[in-house]
Amino acid sequence: MTSPTEDTRAQERFDALIAADSRIEPRDWMPDAYRRTLVRQISQHGHSEIIGMQPEGNWITRAPSLKRKAILMAKVQDEAGHGLYLYSAAQTLGITREEMTQQLIEGRAKYSSIFNYPTPSWADMGAIGWLVDGAAICNQVPLCRASYGPYARAMVRICKEESFHQRQGFEILLTLMRGTRAQQAMAQESVDRWYWPSLMMFGPPDEHSPNSAQSTAWKIKRFSNDELRQRFVGMLVPQAAALGVTLPDPELRWNEAEGRWDMSEIDWTEFREVLAGRGPMNAERLRARRAAHEDGAWVREAAAAYAQKRSAAEAVAA
Ligand SMILES: [Fe+2]
Ligand SMILES: [Fe+2]
């Protein structure tokens, strides 16, 4: 039991660390709400990386060349690694890996809605890398300075790999755009499908983002949803021109007077539908994740048995 004065002192110390732009570490005292917010955000982020392996994993067996297959395998494997770093970061806050897995496979946890869209064409591997990993970078670079140490450190490594992902996506699209008419059309069609969902990755407009203010005060979040969306569009425009693809928004233009990008209204009804589990692939993504978990039970059992045997052997040797 801690006394009220001890609690106040702990809170003051926490506030001072946040104000000084310092890091909160696992052993530091932190408000319950801060801990809960981080567990939710980091575990959802980890789930997104793990579910995010599926739309691209879908193309590994059908990649158009050995080189493309090797690159795609490396990319999907990176996403698994990101999931693991993030689950480890969440574990430092007191939640177990089993709890997080259960929440995901029972459909109680959220993950990024972008992965509930299907990947019917090879060009989708390009559009995902360019747009989805691109949006992820915009969201995640500021998280490298998040106030919670283990999360921020995981993000540093993740962001390095995400920028490789974005470049490989851009390069797939560039190759298609330099190809035949049919390849160009395939690239454009894919960009048309992924553009709006990638803009939705930044979340609802600032006026409808209730948790943002508290996360900003805690220095978990550094920029608002709309600021990040603007930054992303600003990055895409010159890259789309270099590719020769058209971004599917006739209203998109730079507003010199206001110093921002004007764009069409985002279809938030679609966003809410997908978020509510009614996207094109929600049920399939969870079914595949559950099946992988059940099919992998023998691997976990074997690994646990091996670890037990080793520690028993080490105990005898000691
Ligand atoms: Fe990732
Ligand atoms: Fe990625």
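**Charged pairs and an iron site**

Let me begin with a pair of side chains, Glu-273 and Arg-278, which form a salt bridge in which the closest N and O atoms are 3.1 Å apart. Please keep in mind throughout that this is a predicted model. Of these two residues, Glu-273 is partly exposed, with a relative accessible area of 35%, while Arg-278, at 56% relative accessibility, counts as exposed.

In general, side chains of opposite charge can pair when their charged atoms come close. The structure holds 16 salt bridges, and one of them is formed by Arg-222 and Asp-21, whose closest N and O atoms are 3.3 Å apart. Because Arg-222 sits in the loop between α9 and α10, and Asp-21 in the loop between α1 and α2, this pair ties together parts that are 201 residues apart in sequence. Arg-222 is partly exposed at 21% relative accessibility, and Asp-21 is partly exposed as well, with a relative accessible area of 47%.

A further salt bridge brings together the side chains of Asp-124 and Arg-193, at 2.8 Å from N to O. Here the partners lie in helices, Asp-124 in α6 (residues 123-140) and Arg-193 in α8 (residues 181-200), so the pair links parts that are 69 residues apart in sequence. Are these two residues buried, exposed or partly exposed? Asp-124 is buried, with a relative accessible area of 0%, whereas Arg-193, at 27%, counts as partly exposed.

Now to the metal, and to the question of which residues are the protein donors of the iron ion that is ligand 2. They are Glu-79, Asp-133, Glu-162 and His-165, with His-165 donating through ND1, and they lie 1.9 to 2.2 Å from the ion. Along the chain, these donors follow the spacing E-x53-D-x28-E-x2-H. The angles among the 4 donor atoms run from 86 to 157°, and the site is irregular. The iron ion that is ligand 1 is 3.3 Å from ligand 2, and Glu-79 coordinates both. Since Asp-133 lies in helix α6 and His-165 in helix α7 (residues 149-177), that pair ties together parts that are 32 residues apart in sequence.

Notes: Residues are numbered from 1 along each chain as its sequence is written. Chains are lettered from A and ligands numbered from 1 in the order in which they are written. This is a predicted model: local features need pLDDT of at least 70, side-chain atom pairs count only at pLDDT 80 or more; totals for chains, interfaces and linings use all residues. Side-chain values use heavy atoms; hydrogens and water are left out. A salt bridge is a side-chain nitrogen of Lys or Arg within 4 Å of a carboxyl oxygen of Asp or Glu. Helices (H or I, at least four residues) and strands (E, at least two) are DSSP runs, numbered from the N terminus. Buried means under 20% relative accessible area, exposed over 50%, partly exposed in between (1.4 Å probe, protein chains only). Donors are N, O and S atoms within 2.8 Å of the metal (3.2 Å for Na, K and Ca); water is not among the atoms, so sites may look incomplete. Four donors count as tetrahedral if all angles lie between 85 and 135 degrees; four count as square planar and six as octahedral if opposite donors are over 155 degrees apart and all others between 65 and 115; anything else is irregular.
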